[in-house]
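Visitor: Please take a single part of this model and go over it closely. Then show how the rest of the chain is put together around such parts.

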Amino acid sequence: MMDNIIKRLIGENTTCDFKEFLERKQFKSWLKSVSAFANGLGGSLFFGVNDDGEVVGLSDVKSDTEFISDKIKTIIDPIPDFELKTYQTEDGKNILELRVLSGSMTPYYFVNSGSRIAFVRMGDESVVATAHQLSGLVLKGRNVTYDSLSTEYTLKEMSFDALAKAYEKQTSSPFQEKLLRSFSLITDKGFLTNAGVLFSDQCPYRHSSLYCTRWTGIHKDDAKDSREYQGNLLSLLDAGEQFVDLHNLKGWIKLPNRRLNTPDYSRRAVFEALVNAFIHRDYSELGSEVHIDIYDDRLVIYSPGGMFDGTLIQERDLDDVSSKRRNPILADVFAQLDFMEKRGSGLRKIYNETAKLPGFTEAKEPRFRSQATSFYTELLNNNYRSQTNDPVNDPVNDPVNDPVKSFTLLQKDLISLLKETPTITRPELCERLNVSLATIRRAIAQLKELNIIERIGSDKAGYWKVKSGVDKLIKGR
């Protein structure tokens, strides 16, 4: 059973690893986590604790502390900020915590035997950074963002008529060329920044694209309507709005004396979600684009790039999401156009605007999910009811009375995996779903509380049992 001291320490850490003992010869096994923590949000390694969180203790904490400190200083470059603390359980076993702080001089490399490798966290593992991730770490270490980088395009080659028109409409003020410099769209030498190119009328970046699809049914099967757009951000925003408007049908709610028409989706919520996608996407990831996928029961907006701070949005409180942005120049221009608020409340605005729809229930609240390289916003069709001829008024199929309909995407994916592979382990679930062990434990506890799943047998030799019929319902995700 997990010791109380470990429970408390884990509760204080967003990311942690357990090491039963200090590996002195295979020191890369734990130093790679030091690199990954420093390159990300920070984290802790607990030595003297096995993978199940059981305290086994260390025999020579002082020697281990000296060895860890020496290896970090000689192997990790640059040297990250770290702390070493010892704890003792009630039965006298010693635990050593190595806490690594998030670094500002990224990337932090593991350097040994001629190799120089940077690691990052993926779920509960420390893995080698890809070339794309490494480029991002280099920019972070230079305190530079992608949208601020200068390009070879000059002001003579580009025009900003669309931006000028939007600015004058939104602010009722004339657009002057000097604003391009104050918005950081051009440099002092007259070259456009990446942000400038993305707002220019000619925008030659092929990855500044939007793919829109209206699918038949609730799966990616046959497409009723499919369109691709390429251009500057304002044109993509307009194209996305028009595509959703085309497929944003109206249902109705029966009132005592009349019917109240209600759209499938809040137009303002869709607008906020699109702005969020264009502002926060990772433009350095070439070959990717923003997607709008509309199904019978939901609308999903995909944007390349996860949360900029490395966290997972499904683990965050919407009212406690920092306003730190991957593309601050893009965000500032959209704020100047009054297309968004500066204080980073876009996700809460999406929720609030959706909640204004007539007949809205908590079962229809927007869902947000992120991974290391992706962000999804899911808006549920306010008029959709499954297996009924009445588009709105069907109490039998009302999601309020059906907890499965209100599952998050993570919970649905978790149920599918447990159904598919009953013997799957928690670490394997972390890897498949790209989330932390703490997230998996919380999701499993919630599903157990709802009596959706149960564990048969021991943790090591048992298996998962999913409630009969649940697998049919989750196919509607």
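Guide: Two residues are in contact when they have heavy atoms within 4.5 Å of each other. This is a predicted model, in which local features need pLDDT of at least 70 and side-chain atom pairs count only at pLDDT 80 or more, while totals for chains, interfaces and linings use all residues. Residues are numbered from 1 along each chain as its sequence is written, and side-chain values use heavy atoms, with hydrogens and water left out.

The part to look at is G190. Setting aside neighbours within four places in sequence, G190 is in contact with Y153, T154 and L155. G190 sits in the loop between helix 6 (178-182) and strand 10 (191-193); helices (H or I, at least four residues) and strands (E, at least two) are DSSP runs numbered from the N terminus. G190 lies 40 residues from S150 in sequence, yet their C-alpha atoms are 9.6 Å apart. Is G190 buried, partly exposed or exposed? Buried means under 20% relative accessible area, exposed over 50%, and partly exposed in between (1.4 Å probe, protein chains only). G190 has 21%, so it is partly exposed.

S436 is placed between helix 13 (426-433) and helix 14 (437-449). S436 counts as buried because its relative accessibility is 14%. Beyond four places in sequence, S436 touches D124, L312, E315 and C430. S436 and T311 are 125 residues apart in sequence and 9.9 Å apart in space, C-alpha to C-alpha.

S209 is buried because its relative accessibility is 6%. Y229, Q230, L236, E289 and V290 touch S209, not counting residues up to four places away in sequence.

L236 leads on to a pair of helices. Helix 8 (residues 233-247) and helix 9 pack at an angle of about 145°, with axes 10 Å apart. Axes are lines fitted to C-alpha atoms, for helices over the stretch in contact, and angles run from 0 to 180 degrees between N-to-C directions. Helix 8 brings L233, L236, L237, G240, E241, V244 and D245 to the contact, and helix 9 brings R267, V270, F271, L274, V275 and F278. Those residues divide into nine nonpolar, one polar and three charged. Here Ala, Val, Leu, Ile, Met, Phe, Trp, Tyr, Cys and Pro count as nonpolar, Asp, Glu, Lys and Arg as charged, and the others, Gly among them, as polar.

The largest nonpolar core has 63 residues, and F278 and F334 are among those with the most contacts inside it. A nonpolar core is a set of buried Ala, Val, Leu, Ile, Met, Phe, Trp, Tyr and Cys residues joined through side-chain atoms within 4.5 Å. Helix 9 (residues 267-280) gives this core its largest share, nine residues. Apart from this core lies another, of 25 residues, including W30 and L31.

W30 and L31, with V34, also take part where helix 2 meets F67, I68, K71, I72 and I75 of helix 3. Helix 2 (residues 28-39) and helix 3 (residues 61-75) pack at about 65°, with axes 11 Å apart. Their contact has seven nonpolar, no polar and one charged residues.

For the whole protein, there are 15 helices and 20 strands. Of its 477 residues, 51% count as buried.
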